[in-house]
Amino acid sequence: MQLFVERLVNDIFRQPAILLGLIAMLGLLLQRKNFSDVIKGTLLTAIGVSILTFGTDIIVSSILPLQSAFSSISTQGNAVVDTVDVIAEYGGSIGLAMLIAFIINVIVARFTPIKHIFLTGHMLFWMPYIFVAVAVENGMSGWSITLFAGMASALYFVVMPALLTPFVSKVTGDRSFTIGHPAGFLALIASLIAKVVGNPARSTEDVKIPAFMGFFKEIAIAGTVVLFLVYTVVGLWLGRDVMGVEAGQSLFTFNFMNSLKFGAGLTIMLSGVRMMIQQILPAFQGISAKLVPNSIPALDCPIIFNYRPNAVIIGFMVAMVTSTIAILVVNSLGIVSFLVLPLVVTSFFECGTAAVLAEGQGGLRGAIIGTFVASLVMVGLLILSIPIFEGTIAAWMMIFGGNDFSLFGYIANLLAGVF
């Protein structure tokens, strides 16, 4: 049984292209589409997800040198480290917890008014990973780890996308999907702030750009320029050796090439998003009509980027500047016993998503102010969660935390006392 579950998890649930391709196939079969349409819809969905994933991987690889540079300056001896390989030692528990949570999510969507199904493949894995780490930190063992992580993951898969649905619908203009991603809480904070202080009449997409700067209207170019400026500032601050510049290569070339990679990743990712939307949403109507009535998919956060591309870049800029300043203050004042590092990955994906949803509530001003507040919350969540995972995944969290991983890890740690 355990071998079957591990194979199911590794071959399907941890492969977003295969998972969503099969979901599309099921939806098309339920609509009784002909053989050609089923094959076409299935493969185009899988190809679209693969393109999105490739683009995302390129984006992450283009900004990780910044994260590595920040990590390399932690010479005070107080940098956090991982002491337990959670995936190697508890991979079976993660897989079973994922399966339990997904089944509960489908049952809830079938029989309650909460009608979304969490389909972000890699997050189906990483959320149980977080909760398994919490269970290990609290001394659980055996099936108690699996059941705890499974129930906690199910709660997350059900609750967070449901809270995001009205804010996503405000941006998209319909109820065709919601977001299933750990950007959730930051996006909620930014959206609620934007609703109070923003001005929906002025959108980020309506910003008037001088003619000589018209190239900024292209998100790939805007992203390339913004990241190049970030790389330049950090490179001049830390120096070429810390940045990891190869011998014989100038700092300018290193910065520029990584920035170009970021722009290329954006282009590829958004192309995959468009292809996936064109296929998965119509195909999912079969599931919504026949299997789980009125259900919608909860998808990866880049699915929303096409709707407000300028907001994504604005959110990234605001988050990087705000969170880095906040982290410098925290480190210089010695507020915590460990060195806090800038959250480059979270600043782009989570805060970019937060800016898009905030823009839907409060336009340009709402996106800026909402993301500013969310960026401070991001730093606070990271600081709050690191001590919880000091024996397991603290170093991993230092790179990818500051979001729902941190928040729900903290909440789960409180609940673990009951068990």
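**L376**

Helices here are DSSP runs of H or I with at least four residues, strands are runs of E with at least two, and both are numbered from the N terminus. The model is predicted: local features need pLDDT of at least 70, side-chain atom pairs count only at pLDDT 80 or more, and totals for chains, interfaces and linings use all residues. Residues are numbered from 1 along each chain as its sequence is written, and side-chain values use heavy atoms, with hydrogens and water left out.

L376 is partly exposed at 39% relative accessibility. I use buried for under 20% relative accessible area, exposed for over 50%, and partly exposed for in between, with a 1.4 Å probe and protein chains only. I then listed contacts, meaning heavy atoms within 4.5 Å. Leaving aside neighbours within four places in sequence, L376 contacts T322 and A326. I also took a distance to A135, which is 241 residues away along the chain. The two C-alpha atoms are separated by 28 Å.

**V197**

Next I went to V197, in helix α7 (residues 184–197). V197 counts as partly exposed, at 32% relative accessibility. Not counting residues up to four places away in sequence, V197 touches R365 and I369. G142 is 55 residues from V197 in sequence. In space I get 49 Å between their C-alpha atoms.

**S153**

Is S153 buried or exposed? I find S153 buried, at 0% relative accessibility. This serine sits in helix α6, residues 143–172. I checked its side chain for a polar contact (a pair of N or O atoms within 3.5 Å; within protein, one must be able to donate a hydrogen and the other to accept it, and residues adjacent in sequence count only if both atoms are side-chain atoms). A polar atom of the S153 side chain lies 2.7 Å from the backbone oxygen of A149. Setting aside residues up to four places away in sequence, S153 touches A101, M127, P128 and F131.

**The sheet**

I traced an open sheet of three strands, in the order β1-β3-β2, with parallel pairing. β1 (116–118) and β2 (178–179) are at the edges with a single partner strand each, so one side of each has no neighbour in the sheet. I count two strands as paired if DSSP finds at least two bridges between them. β2 and β3 (residues 296–299) pair in the parallel sense over two bridges. In that pairing, T178 stands opposite A298 of β3. Strands of a sheet pair through backbone hydrogen bonds, either parallel or antiparallel.

**Cysteines**

How many disulfides does a search of the whole structure find? I got zero. A disulfide is a pair of cysteine sulfur atoms within 2.5 Å. For C301, the closest cysteine sulfur is in C351, 11 Å away, too far for a bond. C301 is buried, with 0% relative accessible area. C351 is buried too, with a relative accessible area of 0%.

**Positive phi**

Most residues other than glycine have a negative phi. I noted R32, which is not a glycine but has a positive phi of about 60 degrees. R32 is in the loop between α2 (16–30) and α3 (35–72). Its relative accessible area is 75%, so R32 is exposed.

I logged N294 as well, a residue other than glycine with a positive phi near 65 degrees. N294 lies in the loop between α10 (251–291) and β3. At 54% relative accessibility, N294 is exposed.
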